[in-house]
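Good morning, everyone, and thank you for making time for this.

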Amino acid sequence: MTENFNTSRRAFLAMAAAGGAAATLPGAEARAQTVQTTARIVIIGAGAAGTALVNRLVDRLDGAQITLIDPRVRHLYQPGLSLVAAGLKPADYVVSTTTEWLPDGVTLVEDAVSAVDPEVQRVDTEGGESVEYDFLVLAPGLMLDHEAIEGFSRDMIGTNGIGALYGGPEDAAATWEAASRFVEEGGRGLFTRPETEMKCAGAPLKHTFLIDDRLRRADNRGAAEILYAAPQTSLFGVPIVSERVRMLFGDRDIDYSYQRTLRAIDAERKIATFETPDGTEEQDYDYIHIIPPQRAPQFIRDSGLSWADRWTDQGWVDCDQYTMRHNRYDNIWAVGDVAGVPKGKTAASVKFQVPVVEDHLVAAIQGEDGTETYDGYTSCPLITRIGRAMLIEFDYNNNLTPSFPGVIAPLEELWISWLMKEVALKATYNAMLRGQA
Amino acid sequence: MEELTLETMIAVFEEIFGTGLFWSMVAVAAIITVGYLYVLIRDHNLGMRRFLIAQLFMPVGAVLAVWFVMFMTSSNLSDIGGPVDVIVFLGIAVMGAIGMSILVYTVESLFFRDKLGD
């Protein structure tokens, strides 16, 4: 990325091209055609999905009353948490503010949603405010159920060899405190993942690979034992990727065991209790990485928006996996982590879901049907050590869908894939938030 | 990537460097390029002595460019893992080399032409 700017000629050509292209941008012209409407649109959640969507909607709609509802003052660039938890980036690398990404002319209600009434088309907040809508988008993200792990609470992160990087920048930085002691002292490291759906299923693997690499760089790998314990019967949801990870685990001397669901920890004695098909099993550890079960926010479940027969313990929104539209309410869509679709709790999925929701929402305002579909695309730059990653992209059918076929091999550990994660990903994410990518 | 348009690329580069820095760098690069074109047109030929000196700076530019990218991305030469990595690596080096030679030639021609002659 950066190398382009050392050379004047390339930059000059790029600028000349930019000048030329600016004169002939039919795509931009076509998209700039706005739709006149007085529709009331409510978006619950101003995270990656809600923000990206609202920035696109304000370009498409003229006169719409758009309201976002989100109590969070901070915006978190969550793909960066793995880097913070490995000591590669400071905590503030992932932090910005919610409001800096929002366009003018939309209303932000800084409050948490307590209930949605899809019949009368109204959203109530915990602060007692009620907002009526014609169209509703559910993008509140998900809840980390830390309490589900007996004996564990977030204030323990960073102490007694306990890490848990998902909770935010402070948790990720505290995780690195605990992990770096493990890197120095060695011992037994346990790396877990939950049995529920989770955001970025690659993150538990990345953390394992990064801490393994940290141990090697500290010349201390011989003093450490690493066990990756998964509730599932594979290392990754996509079989071909799972096999590749299995080979890499072999190469790195990382042990793994399946059908191990973390239920409890004893922080004083440093013992973790797993549920297995044959009863419970205790494992001692010097470092443990905990990823709690993940569920839809309570108001989603309480408002009757969840699937009735799927993920009943998790409550994801009952929506069509191709259009993201609610299966029972025509004027409601789900986007991002909360959506009840088989894959796609990543920022990369958001990037592909948002234009689909935009298309169907704008079409619905005009009394038409949208045409765009989401095929389950997800991307995961699966870091395998500092300086290398595998750029894994796939869809609902577990097909690999490489963006650069024949150039960037998805199952190979490459420097270029690391460069993308390190340099281009946050920039692409930010451009997505602004509705530009 | 859904669509890699020029608009997207510019948005991404603006995010990497910040809008101000990005366009400043584009401006600096454009000024050097204009300067280069200016001396070429003014002199009607390449000053071979200046060109030779500029070429001698090419390895320096190559090493600087590679070092800069490695440093900025917590990477190491041993991270190069496949053919595409070698291509990226060489591309960075080549761009650094060419950029440096253009810079050196332009500076020589603008400020040291009398000393260096043709």
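Predicted model: local features only at pLDDT ≥ 70, side-chain atom pairs only at ≥ 80, totals over all residues.

**A strand and its partners**

Let me begin with strand 2 of chain A, residues 40-44, which is mostly covered, since four of its five residues are buried. A residue is called buried if 20 or more other C-beta atoms lie within 10 Å of its own, exposed if 12 or fewer do, and partly exposed in between, with the C-beta atoms placed from the backbone. Helices (H or I, at least four residues) and strands (E, at least two) are DSSP runs, numbered from the N terminus.

Residues are numbered from 1 along each chain as its sequence is written, and chains are lettered from A and ligands numbered from 1 in the order in which they are written.

Which strands does strand 2 of chain A pair with? Two strands pair if DSSP finds at least two bridges between them. With strand 4 of chain A, residues 65-69, strand 2 pairs in the parallel sense over five bridges, and there Ile44(A) has Ile69(A) as its bridge partner. Strand 2 also runs parallel to strand 11 of chain A, residues 135-138, to which four bridges join it, and in that pairing Val42(A) stands opposite Leu136(A).

Now the whole chain: chain A has 10 helices and 24 strands. Its radius of gyration, taken over C-alpha atoms, is 22 Å, close to the 22 Å that the globule rule gives for 437 residues, so chain A is as compact as a globular protein of that length; the rule is 2.2 Å times the number of residues to the power 0.38. Along its principal axes, the C-alpha trace spans about 65 × 60 × 35 Å, and 51% of the 437 residues count as buried.

Finally, two loop residues. Most residues other than glycine have a negative phi. Gln121(A), however, has a positive phi near 60 degrees; this residue sits in the loop between strand 8 (113-117) and strand 9 (122-125) of chain A, and is partly exposed, with 18 other C-beta atoms within 10 Å. Gln259(A) also has a positive phi, of about 55 degrees, and is found in the loop between strand 16 (255-257) and strand 17 (261-266) of chain A, where Gln259(A) is partly exposed, with 16 other C-beta atoms within 10 Å.
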